[in-house]
Amino acid sequence: MGYGHSDLGRPHIVEPVTLKILVAGGFGVGKTTLVGAVSEIRPLRTEEILTEAGRPVDDIAGVESKTTTTVAMDFGRITLREDLVLYLFGTPGQDRFWFLWDELATGALGAVVLADTRRLEDCFAAIDYFERRDIAFTVAVNCFEGADRYPEDSVRDALDLDPGTPVVLCDARERDSAKHVLISVVEHAMLASARG
């Protein structure tokens, strides 16, 4: 048996690069929905039913029909190319679960800050979190039915974002739209990394 010929006839196996992306934003903005829409595996969800006991601490104004909440994280996976796999970690939206964010953010390439124009102020904390930790992020405006639509520049101005921070409009329920958001995050994070 000769050396160097053991690969003949075998398909070339590509070992993909894996990247960690966070999906953050306010309570009820669509983080769980986005992860579920784009994940190629059955997403891991840590949702619990909203209870009367949580009413004093969970502000459901604007999302009155919401019946569950993420209490730890959502997890999903998507293969963007044969050599590129994203692991998605959806963060909990309420203040009382933010202690989990530091653990989830460890090793993240970048993040999505999902925004709802009816409650735009709910994403300020996530933007501040990623800016302070120098984690590249894209703001994705989830276009809910009945919500006013604003141009990307208007959203950028309202959130006082740096000019280089991408703002994209999306429908978190639709796979192609969610995939477009993730591609924007990866491209922005790679550019920021190359500049840094």
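A: The structure holds 2 cavities of 30 Å³ or more. Keep in mind that this is a predicted model.

Start with the largest cavity. Its volume is about 60 Å³. Eleven names make up its lining: T117, V141, N142, C143, F144, A147, D148, R149, Y150, V155 and L169. Sort them by class and you get 7 nonpolar, 2 polar and 2 charged residues.

Now the second largest cavity. Its volume is about 30 Å³. G26, V29, L114, A115, D116, R119, L120, D122 and C123 line this cavity. By class, that lining has 5 nonpolar residues, 1 polar residue and 3 charged residues.

V141 and N142 line the largest cavity, and both are among the residues of β6. L114 and A115 line the second largest cavity, and both are among the residues of β5. Which residue of β6 is the bridge partner of A115? The partner is V141. That bridge joins a lining residue of the second largest cavity to a lining residue of the largest cavity.

Look at β6 first. In β6, A136, T138, A140 and N142 point one way. F137, V139 and V141 point the other way. Both sets are buried.

Why is β5 described as largely enclosed by the rest of the structure? Because 6 of its 6 residues are buried. On one side sit G110, V112 and L114. On the other sit A111, V113 and A115. Both faces are covered.

How do the strands pair? β5 (residues 110-115) and β6 run parallel, joined by 6 bridges.

Zoom in on one residue of β5. G110 lies in this strand. Is G110 buried or exposed? Its relative accessibility is 0%, so G110 counts as buried. Leaving aside neighbours within four places in sequence, G110 is in contact with K20, I21, L22, I135, A136 and V185. Take K20 from that list. G110 and K20 are 90 residues apart along the chain, yet their C-alpha atoms are separated by 7.2 Å.

Among contacts between residues at least 6 apart in sequence, 72% join residues at least 24 apart.

A helix is enclosed as well. Helix α1 (residues 31-38) has 6 of its 8 residues buried, so the rest of the structure largely encloses it. The buried ones are K31, T32, L34, V35, A37 and V38. The C-alpha atoms of V38 and H180 are separated by 10.0 Å, although the two are 142 residues apart along the chain. H180 is in α5 (residues 175-195). H180 is partly exposed, with a relative accessible area of 45%.

D134 lies between α3 (124-132) and β6. Its relative accessible area is 70%, so D134 counts as exposed. Most residues other than glycine have a negative phi. D134 has a positive phi, near 55°. D160 is another residue with a positive phi, about 55°. D160 sits in the loop between α4 (152-159) and β7 (167-170), and it is exposed at 63% relative accessible area.

From the N terminus on, they run β-α-β-β-β-α-β-α-β-α-β-α. Of the 196 residues, 46% count as buried. The chain exposes about 11000 Å², and carbon and sulfur atoms supply 52% of that area.

Terms used. Residues numbered from 1 in each chain as written. Predicted model: local features only at pLDDT ≥ 70, side-chain atom pairs only at ≥ 80, totals over all residues. Heavy atoms only, no water. Helix = DSSP H or I, 4+ residues; strand = E, 2+ residues; numbered from the N terminus. Buried < 20%, exposed > 50% of the residue type's maximum accessible area, 1.4 Å probe, protein only. Contact = heavy atoms within 4.5 Å. Areas by Shrake-Rupley, 256 points an atom, 1.4 Å probe, with all protein chains shown as cover. 1 Å grid on protein atoms, 1.4 Å probe; cavity = no way out; pocket = protein on both sides within 12 Å on 5 of 7 lines; lining within 4 Å. Points joined across faces, edges and corners; volume = space filled by probe spheres on them. Nonpolar A, V, L, I, M, F, W, Y, C, P; charged D, E, K, R; others polar. Pairing = 2+ DSSP bridges.
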